[in-house]
Number of protein chains: 2
Amino acid sequence: MSSYHAPTDEMMFLLQQVFDAPSVWQTLPALADNIDIDTAAAILEEAAKINGELVAPLNRTGDEQGVRFTGGQVFTPDGYRDAYRQYAEGGWVGLCGEPEFGGMGMPKMLGVLVDELGYSANNAFNLYGSLTAGAALCIHAHGDDELKQRFLPGLYSGEWAGAMDMTEPQAGSDLRYISTKAEPQADGSYSISGSKIFITGGDHDLTANIIHLVLAKIAGSDGISLFVVPKIKVDAAGNCTEANGVSAGAIEHKMGLKASATCVMNYDNAEGFLVGRANRGLVCMFTMMNYERLSIGIQGLGSAQAAYRMAADYAKERLQGSDSSNAQQQAPIIVHGDVRRMLLNCRCLTDAGRALAVFTGLQLDLAKYSQDEAQKAYATKLAALLTPVTKAFLTDRGLECAISAQQVFGGHGYIRETGIEQWVRDTRIAQIYEGTNGIQAIDFLGRKLVADRLVTITELFNQLSLQLAQSSDVPSHLIAQQQTMQDDFLAAMHEVMAAKDDDSNLINAVAVDALDAFGYLMCGYFWLLMQQTAKQQQSTLPEAWVTGKSQLAEYYFARLAPRFAMHLVSVRAGSTATMQVDIAAF
Amino acid sequence: MSSYHAPTDEMMFLLQQVFDAPSVWQTLPALADNIDIDTAAAILEEAAKINGELVAPLNRTGDEQGVRFTGGQVFTPDGYRDAYRQYAEGGWVGLCGEPEFGGMGMPKMLGVLVDELGYSANNAFNLYGSLTAGAALCIHAHGDDELKQRFLPGLYSGEWAGAMDMTEPQAGSDLRYISTKAEPQADGSYSISGSKIFITGGDHDLTANIIHLVLAKIAGSDGISLFVVPKIKVDAAGNCTEANGVSAGAIEHKMGLKASATCVMNYDNAEGFLVGRANRGLVCMFTMMNYERLSIGIQGLGSAQAAYRMAADYAKERLQGSDSSNAQQQAPIIVHGDVRRMLLNCRCLTDAGRALAVFTGLQLDLAKYSQDEAQKAYATKLAALLTPVTKAFLTDRGLECAISAQQVFGGHGYIRETGIEQWVRDTRIAQIYEGTNGIQAIDFLGRKLVADRLVTITELFNQLSLQLAQSSDVPSHLIAQQQTMQDDFLAAMHEVMAAKDDDSNLINAVAVDALDAFGYLMCGYFWLLMQQTAKQQQSTLPEAWVTGKSQLAEYYFARLAPRFAMHLVSVRAGSTATMQVDIAAF
């Protein structure tokens with residue numbers, strides 16, 4: 001039933017050869033003793049095993065059953081509870097968490113790959129752990145020692161789960177208008193009251209407790225603060241005591257992701273603890289949100305990978321039509337150019353998307369662990385620049401690939417039986433939640449490029465050019481094409497920067513095209529880097545691997561890179577045509 | 001609940017002003033007495049009424065309930081049976097059918113618009129009538145007088161329904177391998193045995209009889225023949241008599257379109273009547289298939305229209321974020337450039353898509369009714385060229401628009417409550433059935449362009465250029481941009497034609513990009529034509545209408561037309577990068 005396949009060979013190629021993780025880890029004392037390439041390989045194999053054997057088989061049944069809401073409680077589909085317990089016991093929730101509180105301290109470069117293996121098995125299942133790890137990251141970054149001691153061990157061990165409680169009906173993308181209130185109490189805690197919607201994993205039966213990170217306004221203030229609000233109260237020693245005033249009021253019925261509980265949450269004088277400073281809640285929550293944004297990008301990537309694998313396998317088996325060289329005999333549909341086009345689109349976007357994810361993980365590792373202050377500062381800014389791109393670009397491509405893969409199945413793709421249509425429904429949400437992809441693009445163009453005065457991206461492009469110039473292993477016309485993309489992109493961004501003061505709508509109107517252009521440009525770079533690496537290390541790699549990387553790079557530049565220019569033309573069109581239409585005309 | 005909106009103003013603008021249907025109809029004797037512009041307007045208003053009041057309210061409940069398969073019979077959701085009876089009694093099934101057999105003889109230019117009104121109310125419901133009209137068209141074109149007398153009145157009146165029975169598990173896109181058999185009987189009929197899958201409307205409870213057009217092989221022959229196989233036998237006088245050996249074996253569970261019955265059909269010595277000549281069944285069936293291809297294109301168009309309308313209405317009401325001119329006050333999200341981008345993409349593609357549908361309808365009317373042989377021959381070829389384009393381009397854009405519209409809803413777009421997600425699920429099938437969009441593209445590029453040696457398309461482009469050159473009402477830079485697209489496209493097609501003899505994979509590998517490029521080029525033409533028409537007739541049109549058409553044309557050329565060049569670059573990349581990858585590497 002399950003067609004789960006873990007591309008651990010591709011993952012190891014990226015880790016070991018393309019990004020030379022072992023050398024990176026050696027430079028980072030916190031990682032040097034903790035991880036080596038053999039350990040990384042073993043972790044990936046183990047992740048492939050548990051996701052393939054335990055998690056993937058629950059994907060379809062979870063979609064069929066969905067979560068249930070009964071007696072004020074949410075119940076996950078059959079098998080989820082047991083599987084999650086085993087998953088947590090394997091240490092997967094705390095994989096990249098702080099060793100001091102029970103985490104495994106693994107690098108994010110590896111973490112993103114484990115995340116892909118999880119999402120490509122089961123979107124809904126993997127979310128629960130992702131939210132837990134993100135909540136822990138946020139508490140670790142902004143909570144005081146008491147909060148860390150109280151909550152982190154239970155989160156990293158996976159005995160408890162995390163949730164991110166932000167949205168209210170009137171406050172979705174615009175959080176200024178949240179109305180959940182926090183009343184200061186004599187003991188230093190707060191009493192939280194209000195309600196929220198669209199809370200993923202807001203309630204469920206997988207864990208003994210759920211630790212909510214809740215945005216609320218302290219009584220008398222219009223600023224937004226962040227609170228830890230556990231479902232079950234936790235004493236200072238970290239033991240669960242009695243029910244807190246937090247409960248699910250309903251669950252949503254959705255297009256997909258049906259095994260993930262999307263809850264209306266009610267807070268009725270719930271006990272909460274301030275995280276970080278009062279009125280600085282958004283800044284704190286962004287630590288979790290950025291974690292989840294990368295994770296959701298990887299949801300898109302994992303979905304693309306899973307869908308591609310199913311479609312490629314189907315295309316090799318399904319006989320229909322003939323090879324152009326022999327019209328009399330039926331051939332597998334993979335001989336047809338158009339079927340190949342759909343599959344190669346998926347493949348090239350997925351492989352390059354994985355490289356983007358690992359590259360982003362690398363920046364996060366350098367930002368966290370580097371002892372070189374300049375390197376740390378640059379990596380921090382670069383990770384911030386890349387995060388909205390991984391979220392939006394990988395989820396947009398995730399849906400595109402799922403749809404292309406479904407198309408390969410023909411009529412069989414539309415019926416539930418083959419399972420491919422579930423990937424389309426499940427991954428669709430990834431473009432919406434954790435900030436819509438439009439919001440990501442505005443963050444990217446407005447904050448990460450323009451507000452940065454293009455400093456970080458210019459440094460990045462210099463770094464990319466240097467990397468490619470070092471080598472004669474890549475066809476020069478492809479390097480030239482890549483360099484042109486970088487030059488054109490930077491020129492266009494300078495134009496945006498020059499024009500934006502006189503045009504307050506410009507960034508909003510062209511941001512998505514700017515992000516997409518950048519995404520295709522980065523994929524171009526990663527294809528050249530993969531091709532270059534494979535050629536440089538051809539003595540240790542199978543010949544088919546080296547040839548394959550070159551051919552896929554050629555395909556990428558021939559058939560997908562042309563999208564870059566289209567998006568850039570659209571950026572350069574500016575905002576006038578978009579903004580001048582009267583509202584009444586819509 | 002239902003947000004149904006009929007854009008009859010846009011439809012009348014196209015009919016009356018852009019394509020000057022009244023003048024066309026005056027030149028066609030068969031239509032001249034049958035239709036005038038007031039009648040057309042009245043028909044559109046009536047179609048808007050019945051679809052808005054009767055059909056649209058069943059869309060959501062039909063999705064929730066789906067069709068049921070019980071006791072070997074298919075039952076449609078509550079309300080469908082009554083609604084279909086009223087719909088049929090209104091004459092809608094036979095709208096463009098032959099008056100001699102009870103049809104209303106209306107032009108296809110009008111028929112495509114009525115079809116859009118139907119699909120934008122309810123994809124699933126409208127299919128039943130569309131298949132019926134297509135079956136009637138096929139029987140009228142290829143059946144003998146006795147078959148016509150026997151079957152057409154029941155089909156045109158809507159008392160009976162039609163179905164198109166082609167696909168078998170081993171024979172989807174590749175019909176050579178069908179195994180359904182037809183044994184000649186002494187009375188001249190055939191005994192049909194076998195089974196088929198994915199038969200839309202194969203069984204249901206809407207009508208007293210279902211007339212199947214079935215592809216089968218006559219015993220001893222490998223050719224494919226076409227048969228009329230009624231669910232209930234019909235005597236020579238047209239009365240239903242006894243059950244024929246045709247039954248549904250199962251229904252499929254699908255991603256969407258749940259109120260449409262997708263059936264496994266079994267034929268057990270069923271009585272069938274040969275349509276047209278033996279072994280020429282595919283040619284005959286193509287009459288129905290081309291009808292359905294256009295109809296399915298309009299399914300995409302109707303879905304885009306419905307989704308756009310919902311999203312535009314939501315964007316005007318939903319407060320979130322602020323206008324860039326006043327950061328303190330919440331504003332409707334339609335002030336945001338990125339929301340406008342999504343909506344304007346939908347709007348521009350939908351309005352131009354509607355023009356493409358009417359233009360195609362015009363060619364079909366000229367092909368059928370013109371008394372000028374040269375005009376008739378050209379229109380016939382042009383309709384054949386446009387049919388795969390309307391099918392593929394309008395359904396690809398239909399899904400794109402439904403997804404963009406869903407994105408405008410943010411998180412509310414993913415939950416079932418708002419209804420927008422159903423449009424995504426329902427319209428997805430339109431890219432697959434009636435020949436996948438890949439198949440359409442190969443038909444377009446291989447048969448309709450290359451095999452035609454570019455004769456028809458060259459004539460079309462000359463006609464378009466002439467139309468635009470006549471006017472100073474369109475900005476000259478847009479006309480130049482349009483002319484460049486046409487020149488580039490034709491040049492690229494000449495390159496394909498020159499290269500295809502040495503590269504048997506070329507057409508298959510680049511067909512989808514060629515079709516898309518052509519689609520965007522045609523939309524460019526239609527936007528200029530609409531802008532031109534509005535300006536030329538500005539004395540009789542509201543000022544906002546004239547302004548609106550110009551602004552939408554500008555938006556189209558600024559933000560959507562750049563896709564043309566991207567697709568053309570991809571065409572010119574040829575097949576090498578696509579074909580050289582080893583199957584084992586996928």
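Trainee: At what angle do helix α7 of chain B and helix α10 of chain B pack, and how far apart are their axes?

Mentor: Helix α7 (residues 108-119) and helix α10 (residues 281-317) of chain B pack at about 50°, with axes 8 Å apart. This is a predicted model, where local features need pLDDT of at least 70 and side-chain atom pairs count only at pLDDT 80 or more, while totals for chains, interfaces and linings use all residues. Residues are numbered from 1 along each chain, chains are lettered from A, and side-chain values use heavy atoms, without hydrogens and water.

Trainee: Why is α7(B) called oblique to α10(B)?

Mentor: Angles under 35 degrees count as roughly parallel, over 145 as roughly antiparallel, 65 to 115 as roughly perpendicular and the rest as oblique. The angle is about 50°, so α7(B) is oblique to α10(B).

Trainee: Which residues of α7(B) meet α10(B)?

Mentor: B:Lys108, B:Val112, B:Asp115, B:Glu116 and B:Tyr119 do, contact meaning heavy atoms within 4.5 Å. Their partners in α10(B) include B:Tyr291, B:Leu294 and B:Gln305.

Trainee: In what sense do strands β4 and β5 of chain A pair, and over how many bridges?

Mentor: Strand β4 (residues 181-184) and strand β5 (residues 190-200) of chain A pair in the antiparallel sense over 4 bridges. Strands pair if DSSP finds at least two bridges between them, so 4 bridges qualify. A:Pro184 has A:Tyr190 as its bridge partner in β5(A).

Trainee: What makes β4(A) and β6(A) a pair?

Mentor: 2 bridges join β4(A) to strand β6 (residues 209-218) of chain A, and the two run parallel. In β6(A), A:Lys217 is the bridge partner of A:Lys181.

Key
Axes are lines fitted to C-alpha atoms, for helices over the stretch in contact, and angles run from 0 to 180 degrees between N-to-C directions.
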